[in-house]
Amino acid sequence: MNGETHLRTLLKKMKPELQTGEFVFCTMAPDAASKLSLSAIGQFLEPEGLTLILAKGEAETNGLGFAYPCRMITLKIHSSLEAVGFLAAVTDKLAHRGISVNAISAYYHDHLFVPIERAEEAMNVLNDIVKGRT
């Protein structure tokens, strides 16, 4: 399964879905993370430390410092990891509305993390893209 690569198809057929819950970004040393029992929905190892994307409540329960309280929007189309311009087109429209976004591509779908207070507005922008209104 390679996923869709055609930009027009991706934009017309994506089904943005606002996920339940609030998420945050945390960072820590990898060895510190291995001592905790965390259910990260995403992680990335950088030279400066391990970045984790966690449910906000889980970060708070574990006393972890965090940044960027956000909601997750999943673009429900199997986009190819080799697709060109999909996230650029989507994030450009959000940027024009002043909505920050942290985008993560996984094997099947792309996920957008947007500020909690702008999540519904971001959904409106994404649905306008699907309907060809932007």
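Where in this predicted model is the place of Leu 81? Leu 81 sits in the loop between strand 5 (67–75) and helix 4 (86–96).

**Figure 1. Leu 81 and a nonpolar surface patch.**

**Figure 2. The aromatic pair of Phe 23 and Phe 113.** Four aromatic pairs are found in a search of the whole structure. Phe 23 and Phe 113 are both buried.

**Figure 3. The aromatic pair of Phe 25 and Phe 113.** The ring centres of Phe 25 and Phe 113 are 5.7 Å apart and their planes stand at 85°, so the pair is edge-to-face; the cut-off for this class is over 60 degrees. Phe 25 is in strand 2 and Phe 113 in strand 7, so the pair ties together parts that are 88 residues apart in sequence. Phe 25 is buried, as is Phe 113. One aromatic cluster is formed by Phe 23, Phe 25, Tyr 68 and Phe 113.

**Figure 4. The salt bridge between Glu 22 and Lys 56.** Side chains of opposite charge can pair when their charged atoms come close. The count of salt bridges in the model comes to four. In the one formed by Glu 22 and Lys 56, the closest N and O atoms are 3.9 Å apart. This pair links distant parts of the chain, 34 residues apart: Glu 22 is in the loop between strand 1 (16–18) and strand 2, while Lys 56 is in helix 3 (residues 56–61). Glu 22 is partly exposed, at a relative accessible area of 35%, and Lys 56 is also partly exposed, at 23%.

**Figure 5. A salt-bridge network at Glu 121.** Arg 97 forms a salt bridge with Glu 121, and their closest N and O atoms are 3.3 Å apart. Arg 97 lies in the loop between helix 4 and strand 6 (102–105) and Glu 121 in helix 5 (residues 119–130), so the pair ties together parts that are 24 residues apart in sequence. Arg 118 also forms a salt bridge with Glu 121, with the closest N and O atoms 2.7 Å apart. Through shared partners, these salt bridges join Arg 97, Arg 118 and Glu 121 into one network.

Methods
Residues are numbered from 1 along each chain as its sequence is written. This is a predicted model: local features need pLDDT of at least 70, side-chain atom pairs count only at pLDDT 80 or more; totals for chains, interfaces and linings use all residues. Side-chain values use heavy atoms; hydrogens and water are left out. Rings of Phe, Tyr and Trp (its six-membered ring) pair if their centres lie within 6.5 Å; planes under 30 degrees apart count as stacked, over 60 as edge-to-face and the rest as tilted. Buried means under 20% relative accessible area, exposed over 50%, partly exposed in between (1.4 Å probe, protein chains only). Helices (H or I, at least four residues) and strands (E, at least two) are DSSP runs, numbered from the N terminus. Patches are made of residues with over 30% relative accessible area and no salt bridge: like charges are joined within 9 Å, nonpolar side chains (Val, Leu, Ile, Met, Phe, Trp, Tyr) within 5 Å. Accessible areas come from the Shrake-Rupley method with a 1.4 Å probe; for residues, only the protein chains shown count as cover. A salt bridge is a side-chain nitrogen of Lys or Arg within 4 Å of a carboxyl oxygen of Asp or Glu.
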